[in-house]
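Please find below a colleague's note on the structure shown here. The points are numbered and may be read in order.

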Amino acid sequence: MTTPIIQTTNLRKTYMLGKVRVEALRGVDLRVEKGDFLAILGPSGSGKSTLLNMIGALDKPTEGKVFIEGIDVSTLDDNGLADLRRKVGFVFQFFNLIPRLTAKGNVELTMAIPGLGKKERGKRAEELLETVGLKERVGHKPAELSGGERQRVAIARALANSPNFLLMDEPTGNIDSKTSKEIMALVIRLNKEKGMTTIVITHDQHIAAQAKRKVQMLDGLIIREEVS
Amino acid sequence: MKASDVFSYAFSAIRLRKLRAGLTILGVVIGIAAIVALLSISQGLQNSISEQLQTGFATDTLIVSTGGGFGPGEMASTGSDFKLSVNHTQIIDEIENVDMSVAVIQKSCYVESGEREFRLTVAGVDFAKYADIYSGTFIAKSGKIPLNPENEIVVVGKRISDPWKNGTLFCDVDYTIKIIWTTYNASTLKPENKTYMGNVVAVLEEIGGFGLGPSDSSVYIPISQAQTFFETNECNTIIVKVENDDETTIESVSEAIEVAFSDQVSVISSTAVLNTISSVFATIEFFLAGIAGISLLVAGVGIMNIMIVSLMERTREIGILKALGMKSRTVLSIFLSEAVIVGLIGAAFGVASGWVLANVVAVVFSGGGLPGVGRGNHAATAGGMVITPVLTPTVFLGALAFGLIVSVVFALYPAWRASKLKPVEALRYE
Ligand SMILES: Nc1ncnc2c1ncn2[C@@H]1O[C@H](COP(=O)(O)OP(=O)(O)OP(=O)(O)O)[C@@H](O)[C@H]1O
Ligand SMILES: [Mg+2]
């Protein structure tokens, strides 16, 4: 058996709100192989986002471990975590673009962080925006773009540093169904053609239906998994 | 992230809030401008004063008077009955390292020429010796200073000749002016006027400012004439020329003179006066710079305040940057770069506007340099002094550095807090 690209073991996350314990995750074991396409489903508050944040090294578990390509994330220091995040393509529900930068600027910034030169990153940003169908919008700021367009910028940004895997937290939650289909088609193509490992949180059954694996969560636990 | 990218990112953040950034910069500008203006004016003032003192009373001279303290005027009032006399120069001339000495009899008199009359200082001196001691200032501009005068003659300062600076002369070479001295009869206490009709033989070169030597607003008569006219051998001061201006020589001569007169005279050396003035100026400068520095600290607090506000506004942005893999130290350097930009722009504009301010003040100050005849005593006439503000490299670089340092220091805490934000929490921030 090869090393999985992502693995969690007995992952727990407990929040203390005053005296109240909120158990967002109660022991999640998940194993994702290279090239997988996972959909995570579950009611609101079931711990989907919390799980994804752990995998993306944005948050630390209370208990249990996350392994990325066999490396225990809890052993990494601040700088190590930052390096790890550069190889994660995160797409947020609320886009999270930098408002004062253009579409191209947002994508470029991602590449400037690991220190890519201005010329190369400019060229690559334009290519990526073309791939997501935003060739005409490179100079627009987020406020001048529609929700669907913003999410495409976010996807282009997520792909900028050639990530090991894509993590998407309800990427189509804020856009209409037609645009959301287009975006999912793009993601599926990436998975099929480039073998991009993808985890997507969604409430949309149509999207989930296209995934290779469907993981159902409830109250901080994975309760069921379907493989198609 | 490359330094150039850090800087341009910081710059784009500043540009976004132009008004806010402008006001923050203004705070720094005001602080730095105040420091630069105050320091360059006081430096200029100090320079012109020391310069004039140096020409005004050659560094190799000592001034002996019966009074204590600064200034050989008529304020020579001590408890002692000791009077300095013209003949005392002989005692002083005997002292080792003394080149020569000259007695000055000084009285305040009315001087009349034509219709006009002024109250002025009339000084009786030995023209030959006086001209030798003050070879830089006791020089005739027109006419000739006679070395062995016998007659009733006068030499006048530039301002006496041309008090209004407009070509209307009060007197000039070959004029005859009338000096009126009022004494009070010892028994009747009634005033009695004595007059001295003096032929103007020379007008001095303009001396400017003030010094302890010759001045633009004095009238000079030969010492022998003064003794007769004022009916006295008592002199106000004796000016001593020392063979060289070594500090040790000056000191030993000063001491020797004091000893020769059993400590009943005070001896002032020009270097001592210069030193006192310098140290007074150093104190004043220190205070002024301190006050200006406080205004810069206020600007620093402003920077800190603005950065904390901006930190809160940009929490989400910082969350994004961290989620994209930006390291904490890069976040820190972005925030510090913003402070560096604000500090540099502020300091640069501050130095420039401080310099402009200093020059404006200097012009206003010398414009008010009161034409007209000073009635002050022989010692000090400050009118007409020109201040040229001086921006020393130390002040220039120091002000730039100070502006920068204050900005960065006050940005340290907000920047540190920004760098410590946790990505999930920052992203959750509304
Ligand atoms: N920072 C936090 N402090 C306290 N409780 C939290 C925090 N983050 C999450 N929780 C709690 O953890 C639980 C799981 O939250 P999570 O965001 O993972 O749910 P989710 O499945 O993503 O829901 P949704 O579909 O609405 O996005 C919730 O009950 C939430 O209230
Ligand atoms: Mg969620």
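1. How do the residues of the shell around ligand 1 divide into nonpolar, polar and charged? The shell holds 5 nonpolar, 7 polar and 3 charged residues. In this scheme Ala, Val, Leu, Ile, Met, Phe, Trp, Tyr, Cys and Pro are nonpolar, Asp, Glu, Lys and Arg are charged, and the others, Gly among them, are polar.

2. On provenance, this is a predicted model, in which local features need pLDDT of at least 70 and side-chain atom pairs count only at pLDDT 80 or more, while totals for chains, interfaces and linings use all residues. Residues are numbered from 1 along each chain as its sequence is written, chains are lettered from A and ligands numbered from 1 in the order in which they are written, and side-chain values use heavy atoms, with hydrogens and water left out.

3. Ligand 1 is located between chains A and B. It is surrounded by 15 residues, of which A:Ser44, A:Gly45, A:Lys48, A:Ser49 and A:Thr50 are the closest; a residue is near a molecule if one of its heavy atoms lies within 4 Å of it. At least two shell residues come from each of strand 1 (6-17), strand 2 (20-32) and helix 1 (48-55) of chain A. Helix 1 of chain A contributes the most, with 3 residues. Helices (H or I, at least four residues) and strands (E, at least two) are DSSP runs, numbered from the N terminus.

4. An oxygen atom of the ligand is 2.4 Å from a side-chain N or O atom of A:Thr50, and a polar side-chain atom of A:Ser49 lies 2.7 Å from a ligand oxygen atom. From chain B, a side-chain N or O atom of B:Arg428 is 3.2 Å from a nitrogen atom of ligand 1. The protein buries 71% of the 630 Å² that ligand 1 exposes when taken alone, with areas from the Shrake-Rupley method and a 1.4 Å probe.

5. Helix 1 of chain A is mostly covered, with 7 of its 8 residues buried, that is, under 20% relative accessible area (1.4 Å probe, protein chains only). Among the buried residues are A:Lys48 and A:Thr50. A:Ala57, which follows this helix, has a positive phi near 60 degrees.

6. Over all chains there are 14 aromatic pairs, counted where ring centres of Phe, Tyr and Trp (its six-membered ring) lie within 6.5 Å; planes over 60 degrees apart are edge-to-face. The B:Tyr130 and B:Tyr134 rings have centres 5.1 Å apart and planes at 65 degrees, so this pair is edge-to-face. B:Tyr130 counts as buried at 0% relative accessibility, and B:Tyr134 does at 1%.

7. B:Trp181 and B:Phe230 form an edge-to-face pair, 5.0 Å centre to centre with 80 degrees between the planes. B:Trp181 lies in strand 6 (residues 176-184) of chain B and B:Phe230 in the loop between helix 6 (223-229) and strand 9 (237-242) of chain B, so the pair ties together parts 49 residues apart in sequence. B:Trp181 and B:Phe230 are buried.

8. Charges also sit over rings (NZ of Lys or CZ of Arg within 6 Å of the ring centre and within 35 degrees of the ring normal). A:Arg100 lies over the face of B:Tyr9, 4.6 Å from the ring centre. The charged end of B:Arg119 is 5.0 Å from the ring centre of B:Tyr110.

Conventions:
A polar contact is a pair of N or O atoms within 3.5 Å; within protein, one must be able to donate a hydrogen and the other to accept it, and residues adjacent in sequence count only if both atoms are side-chain atoms. Rings of Phe, Tyr and Trp (its six-membered ring) pair if their centres lie within 6.5 Å; planes under 30 degrees apart count as stacked, over 60 as edge-to-face and the rest as tilted. Buried means under 20% relative accessible area, exposed over 50%, partly exposed in between (1.4 Å probe, protein chains only).
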